[in-house]
Amino acid sequence: MGFHLRRKHMIDLLFPIALFFVFALSALTLVLFAARVYRSTTENSSLQYTSRTGLSYISEKIHQNDGNGAITLGSFDGCDALIMEQELGEETYLTYIYANDQSLKELFIKSGVNAKAADGRTILDIQNFSIRQLSENLFRFDCTDAKGQASSTIVGVRSK
């Protein structure tokens, strides 16, 4: 009965170590690549979220208040404004959405009460905001947020 004793070679030790380092390097590369993709995605998402939030808010407010000519364009304290009229009980209330002091603002106030543009609640910090009436039933809103991302939307009013 002859037992053969196997001689250990240097390759028997180096091969598993080299294999481990190749695996570790591959895993590290994959993690770094995934982190870069995630960072880029979240930055783009954040920019899009900020620039579209104000316009989505305005669109939703228009859809909530769409009734019998209740939505018009006008002026409020020297600012171009979207004006939405509501009847609550016996009283008439106005909601103004406008740009003032680098901010998109909203003010909900009883009709006939004097107020200033600075009294509105800030919705979003912006660089520029414009409102245009394209037709009797269509409004166009352009907004550039504080980071310079420009967005626009067209909103249709059904009740006119």
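Biologist: In β5, which residue is the bridge partner of L104?

Modeller: This is a predicted model, in which local features need pLDDT of at least 70, side-chain atom pairs count only at pLDDT 80 or more, and totals for chains, interfaces and linings use all residues. Residues are numbered from 1 along each chain as its sequence is written, and side-chain values use heavy atoms, with hydrogens and water left out. Strands, like helices, are DSSP runs numbered from the N terminus (strands: E, at least two residues; helices: H or I, at least four). Within β5, L104 has as its bridge partner L124.

Biologist: How many bridges join β4 to β5?

Modeller: Two strands count as paired if DSSP finds at least two bridges between them. Strand β4 covers residues 103-110 and β5 covers residues 121-133, and they run antiparallel. K105 stands opposite T122 in β5. The bridges joining β4 to β5 number 4.

Biologist: Over how many bridges do β5 and β6 pair?

Modeller: β5 and β6 form a hairpin with 4 residues between them. N128 stands opposite T144 in β6. Strand β6 spans residues 138-145, and its antiparallel pairing with β5 extends over 7 bridges.

Biologist: Which strands stand at the edges of the sheet?

Modeller: The open sheet holds 7 strands in the order β1-β2-β3-β4-β5-β6-β7, with antiparallel pairing. Two of these strands each have a single partner strand, so one side of each is left without a neighbour in the sheet. The edge strands are β1 (71-76) and β7 (150-156).
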